Amino acid sequence: MKIHEYQAKELFRAWNIPVPDGVRADTPEQAEKAARDIGRPVVVKAQIHAGGRGKGGGIKLAPTPEDARKHAQNIIGMNLVTHQTGPEGRTVKTVLVEEALDIAHEFYAGMAVDRKNACVSAIVSTEGGVEIEAVAEKTPELIHTLRIDPSAGMQPYMARSLAFRLGMEKKMVSACTGLIMNLYRLFRETDASLAEINPLAVTKDGRFLAADAKINFDDNAVPRHKQIAGLRDLSEEEPAEIEAAAQHLSYVKLDGTVGCMVNGAGLAMATMDIIKLHGGMPANFLDVGGGASPERVEHAFRILMSDANVKAVLINIFGGIVRCDRVANGVVSAAKKLNINVPIVVRLAGTNSELAGRILEDSGLTFQVASNLREAADMAVAAVRSVK
């Protein structure tokens, strides 16, 4: 789960991480008032769940309250396109009006789940204000990573060592150490999966501030945190993913053309891999679960067909807990009810798979039935090419 910058900075304040003075504004009038209350030049920042806002025209300097109003009027309601939104962009509904900083130095500081090493990794860099991925690719020696033992947690000496790696002046080391410690506490206590400050700014008047803020949370842990759950902005999320979650389906939209319907996360990943191996691109990850009932299959089809990029569907079901004939009946029912007009490739293996094959054959509909996963992937990719 992602949240907006202004929400992340509210959490930063609660965990004693210093941030610039700033106020959320939903209208140009609120933006002007916020600028007057701050009492100095401000920056008007579009609030969407994507980076690259400045390059897309979503961040503007406002020397006066009148400028803040004018910029907010232009930004609120705009369709902001960045490298992270894709060409469709995102509609801006609110802005953050925040004091403009006179920055002397910019750094990067972040916490992330390190799945490879089964720990949390603290990451800092002297190259703040740019994408950390670009720094990692071009100048990896400028990124310093510290793996934190889950049983011991972050210790002050660790945070202090990271501050020294940033080349901090002695008078700033203590402030930096405290900030890193608090960022780690926030990360652990909210079940975050990512918490980053980019840039972490040192101003010319000696202040140490999180000039930007990004926090992502583990979806499975959000129900444990009512405060965090209340920050969710559904308008920023993929509608099909919201609908899938409501139907207890695991769905992630991708950019390909082969819609996938699979039972089991591991089998779903393998299905996506073999589609790519055969020259295609999966349009989604979709796990209908072990109990793929006809109703669940129908819901899954509705979600798949909501994606205009889907040119063919590959159904790959292993009949273990669920019987293949039940899935076949669900597929036939959904195909008739929803009037699906894209090629459907079906591979069913396991309990009652032979009966399932007869159900598909006798349905009066045109299914491409595969005997194995490799054949199914080949059929699905060929079907997409024939549609084009």
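The largest pocket of this predicted model has a volume of about 1,400 Å³. A pocket is an open set of points on a 1 Å grid over the protein atoms alone, with protein on both sides within 12 Å along at least five of seven lines. Grid points are joined across faces, edges and corners, and a volume is the space filled by probe spheres set on the points. Local features need pLDDT of at least 70 and side-chain atom pairs count only at pLDDT 80 or more, while totals for chains, interfaces and linings use all residues. Residues are numbered from 1 along each chain as its sequence is written, and side-chain values use heavy atoms, with hydrogens and water left out.

**The largest pocket**

- The largest pocket is lined by 35 residues, and the closest to its centre are Glu237, Glu238, Glu241, Tyr251 and Val252; a lining residue has an atom within 4 Å of a point.
- The elements that give two or more residues to this lining are α8 (239-246) and β13 (250-253); helices (H or I, at least four residues) and strands (E, at least two) are DSSP runs, numbered from the N terminus.
- Helix α8 gives the most to the lining of the largest pocket, with 5 residues.
- By class, the lining of the largest pocket holds 14 nonpolar, 9 polar and 12 charged residues. Here Ala, Val, Leu, Ile, Met, Phe, Trp, Tyr, Cys and Pro count as nonpolar, Asp, Glu, Lys and Arg as charged, and the others, Gly among them, as polar.
- Glu238 is placed in the loop between α7 (226-229) and α8.
- Glu238 is partly exposed, with a relative accessible area of 29%; buried means under 20% relative accessible area, exposed over 50%, and partly exposed in between (1.4 Å probe, protein chains only).
- From C-alpha to C-alpha, Glu238 and Val252 are 8.7 Å apart in space, and they are 14 residues apart in sequence.

**The second largest pocket**

- The second largest pocket contains about 1,100 Å³ of space.
- Its lining has 40 residues, and the closest to the centre are Gly52, Arg53, Asn198, Pro199 and Asp212.
- Several elements give two or more residues to this lining, including β2 (42-46), β6 (95-99) and β10 (192-203).
- The largest share of the lining of the second largest pocket, 4 residues, comes from β10.
- The lining of the second largest pocket divides into 17 nonpolar, 10 polar and 13 charged residues.
- Pro199 is found in strand β10, and the peptide bond from Asn198 to Pro199 is cis, with omega near 10 degrees.

**The chain as a whole**

- The chain comprises 13 helices and 18 strands.
- Its C-alpha atoms fill a box of roughly 80 × 50 × 40 Å, taken along the principal axes.
- Of the 388 residues of the chain, 49% count as buried.
- Among contacts (heavy atoms within 4.5 Å) between residues at least 6 apart in sequence, 69% join residues at least 24 apart.

- Strand β2 is mostly covered, since 5 of its 5 residues are buried.
- In a regular strand, the side chains alternate between the two faces of the sheet.
- Strand β2 runs antiparallel to strand β3 (residues 59-62), to which 4 bridges join it; two strands pair if DSSP finds at least two bridges between them.
- Lys60 in β3 is the bridge partner of Val44.
- Strands β2 and β6 pair in the antiparallel sense over 5 bridges, and Val43 stands opposite Glu98 in β6.

**Strand β16 and its partners**

- Strand β16 (residues 312-319) is largely enclosed by the rest of the structure, because 7 of its 8 residues are buried.
- Strand β14 (residues 258-262) is joined to β16 by 5 bridges, and the two run parallel; Val258 stands opposite Ala312 in β16.
- Strands β16 and β17 (residues 344-350) pair in the parallel sense over 7 bridges, and the bridge partner of Gly319 is Gly350 in β17.

**Positive phi angles**

- Ala118 has a positive phi of about 55 degrees although it is not a glycine. Ala118 lies in the loop between β7 and β8 (119-125) and counts as exposed at 59% relative accessibility.
- Asn352, also not a glycine, has a positive phi of about 60 degrees. Asn352 is in the loop between β17 and α12 (353-361) and is partly exposed, with a relative accessible area of 33%.

Conventions
On a 1 Å grid over the protein atoms alone, a cavity is a set of points where a 1.4 Å probe fits but cannot get out, and a pocket is an open set with protein on both sides within 12 Å along at least five of seven lines; lining residues have an atom within 4 Å of a point.
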